[in-house]
Amino acid sequence: MSLISHKKSEKGFFNSIADHPSTDEFIKGVWRENPVFVQVLGMCPSLAVSNSAINALAMGLATAFVLLMSNILISLLRDFIPKQVRIASYILIIATFVTLTDYTIQAISIDLHKSLGAFIALIVVNCIILSRAEAFASKNSVGKSILDALGMGLGFTFALLCIGGLREVLGSGSFFGYEFMPYFFEKWVIMVLPAGGFFTLAFLLLIFNSYKMKNSKA
Amino acid sequence: MNDASLWSIFINASLINNFVLAYFLGICPFLGVSGKIETATKMGAAVTFVMVISAMCAFGINIALAAINAPFLQLISYIVVIASTVQLVEMFIKKVSPALFKALGIFLPLITTNCAVLAVALFQTSKGFGILQSFVYALGAGVGFTLALVLMAGLREQLEFSETISIAKGTALVLLVGGILSLSFMGFAGLGG
């Protein structure tokens, strides 16, 4: 009973925040329009590098950074970029920031760079970034674009952490490399294999869908 | 220089390390255009074509970038090449078959942001393939992508007629089927060495 009432108050809390227009830009990316669970964008990285929580976190933050920087720049340049070549210009801006991120991660941690592999470079073709550039940053002010990017980036990182955490706990019996499962725990090897990625995301989507349906009925 | 034989490169790229089912590349079209077998086949052919062309161009770009000593331009130049190839394919399809152009819809220009295409260019560079090997690798990757797309489309055409619980409708169901497909593709491991 206490759990239910707690949930209700939490919902009320979210709603009261969401009433404020600028915070709404932030909140919507995290929850209501979560890029992975609701818009089903950016599937490739969210499945490919989510076999451990640390990889998922690094990937999420790298993507969020690129999203933030490209949203700022595109929003600043939105009056100067001709409409016909906008997509090409966005891609070039994004590619520049991704190259920057790639070299930065390489400088910080070679191990992390190796385990993420080509997927850092592949942030360029992450649909989330291009879709935010096209759907939001090219039409809104810098301040709003920053909030939007932060929300979407956080939402993406959150989704990635959910998938990565679940896969690591079940597949390797650890969380962020820290092994906590009892010795008799049989590791679900399938979870760290590619098929596990599909199943985990499908499972999370099922939960999300049933939650949404319950809410829309009520 | 990598000395893997052409045959093993092809088998590796198309079956063992299938781009969609083992590397999770090109998931968006895998979820989006896998409704009908016919569209899936043609989408696969278009992607394969773009892959091969851009892999060949990427080979040339690497030599050019090595000559002027600017490896940091790699990613940007790849993307430009891919975007222009997609533009070319788009104009070609629009001219030859307007019906197909409509069926593929938004997913045609989106080949630009298909991670599988960029990944082929990046992987062949990191593996140090020669020009013939790159060609076979890109071809194999394209065939593997088409195969996954067509298999999924066939399954989805059957699923249309079966009952599914309401919360599993849509993406979740496709992902579950994808997981099972991915499991079965693991059976190819060890093939071709």
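In chain A, 75% of the contacts between residues at least 6 apart in sequence join residues at least 24 apart. The structure is a predicted model, and in chain A it comprises ten helices and two strands, which follow one another from the N terminus in the order α-α-α-α-α-α-α-α-β-β-α-α. Of the 218 residues in chain A, 42% are buried.

Confidence in chain A has a mean pLDDT of 81, with 89% of the residues reaching 70 or more. The highest mean, 92, belongs to helix 4 (residues 53–76) of chain A, whereas the lowest, 43, is found in helix 1 (residues 2–18) of chain A. Over residues 1–18 of chain A, pLDDT stays under 50, and for this stretch the model has six contacts beyond four places in sequence.

Between the two chains, 32 residues of chain A are in contact with 32 residues of chain B. On the side of chain A that touches chain B, two or more residues are contributed by each of helix 3 (43–48), helix 5 (86–108), helix 7 (127–137) and helix 10 (194–217) of chain A; helix 10 of chain A gives the most, with twelve residues. By class, this side of chain A consists of 27 nonpolar and five polar residues, and charged residues are absent from it.

Conventions
Residues numbered from 1 in each chain as written. Chains lettered and ligands numbered in written order. Predicted model: local features only at pLDDT ≥ 70, side-chain atom pairs only at ≥ 80, totals over all residues. Contact = placed C-beta atoms within 7 Å. Helix = DSSP H or I, 4+ residues; strand = E, 2+ residues; numbered from the N terminus. Nonpolar A, V, L, I, M, F, W, Y, C, P; charged D, E, K, R; others polar. pLDDT = per-residue confidence, 0-100. Buried ≥ 20, exposed ≤ 12 C-beta atoms within 10 Å, placed from the backbone.
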